[in-house]
Amino acid sequence: MSMPFSRKTMIVMQAVSILLFALVSAAIPNYAFIIFLLYFLVFMFLAMRATTRTMKIPPRNELGSPLFKELNALQVMLSDKIFQAEMNRQMKLMFINLGLVFLLFILLPVYNNYIWPFISGALGLTGESILVNFIRFLGLYLFFLGVMQGMRYMLIRGQSSTPPVIPARVFAVYKKGVVLDERQFVKFTEDICFRVDHDRKFVELVNTRGNTVLTRLYTLEVGKLTEKLREAGVNECKQ
């Protein structure tokens, strides 16, 4: 099953990607800008992969009959006034992240013209050997990463930075998992529990490994839904 990466895994993957792209850039510096663009494609892919919560729907004959089916989740969701505020906040975070990516292209000449000459002078680095180029591009990627993290922290501190949760318009609960909008599937494993909000009329499925919300299920029959989730082997999250 495809689940969100843990924070530790994301840090390791980010560090490895920086080292790899710095090494490749050092080996073929004439193509450094193209490699730089590829780095951002990989960065964006990892960011998207980090929020991947679902897998393909298994064959229907393997799922069996649904334990619970909700066809009016959209109407229930629209009655949740807090949800709209949550989505507005997440849209703001998305535009901030996009703006920071464009900011890095503006900072590229700043690094080349001011920061790298200072670093190379302080370390006594001359020439364009692979080692010197590796240090140069490693510093470049670390500089960009630092700027992105620093700016992002200043702009969104005090706000939730969790990935947006897009509730399903319709869903069906089976013994093996839940089908969302007839397109996606969340498999029930021992790492999944559910969290209930009776006032807002939804149940969230949570991955306990990272306390990450996998999906949100809106229904007027919250009690019945939680009963069927327990029947499928999913327990309520511990507070």
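Modeller: Helices here are DSSP runs of H or I with at least four residues, strands are runs of E with at least two, and both are numbered from the N terminus. The model is predicted, so local features need pLDDT of at least 70 and side-chain atom pairs count only at pLDDT 80 or more, while totals for chains, interfaces and linings use all residues. Residues are numbered from 1 along each chain as its sequence is written, and side-chain values use heavy atoms, with hydrogens and water left out.

The side chains of Lys 228 and Glu 231 form a salt bridge, at 3.5 Å from N to O; the term requires a side-chain nitrogen of Lys or Arg within 4 Å of a carboxyl oxygen of Asp or Glu. Lys 228 counts as buried at 18% relative accessibility, whereas Glu 231 is partly exposed at 38%. Buried means under 20% relative accessible area, exposed means over 50%, and partly exposed lies in between (1.4 Å probe, protein chains only). A further salt bridge pairs Arg 230 with Glu 236 (3.3 Å, N to O). Elsewhere, salt bridges with shared partners link Arg 195, Glu 204 and Arg 216 in one network. The whole structure holds eight salt bridges.

Helix 7 also takes part in the largest nonpolar core. Of its 27 residues, Phe 171, Val 173, Val 178, Phe 188, Leu 205, Leu 225 and Leu 229 touch the most other members. Such a core is a set of buried Ala, Val, Leu, Ile, Met, Phe, Trp, Tyr and Cys residues joined through side-chain atoms within 4.5 Å. Among the elements that give this core two or more residues are helix 5 (81–123), strand 3 (177–180), strand 6 (202–207) and helix 7 (222–231). Beyond its neighbours within four places in sequence, Leu 205 has contacts (heavy atoms within 4.5 Å) that include Val 178, Phe 188, Cys 193, Leu 217 and Leu 229. Another core, of 21 residues, lies apart from this one and includes Trp 116, Leu 138, Tyr 141 and Met 148.

Cys 193 is joined to Cys 237, with 1.9 Å from S to S, where the definition asks for cysteine sulfur atoms within 2.5 Å. Cys 193 lies in strand 5 (192–197) and Cys 237 in the segment after strand 8 (235–236), so the pair ties together parts that are 44 residues apart in sequence. The S-S torsion is about 90°, and the disulfide is therefore right-handed. Both Cys 193 and Cys 237 are buried.

As for the whole chain, there are seven helices and eight strands, and 41% of the 239 residues are buried. Of the contacts between residues at least 6 apart in sequence, 68% join residues at least 24 apart.
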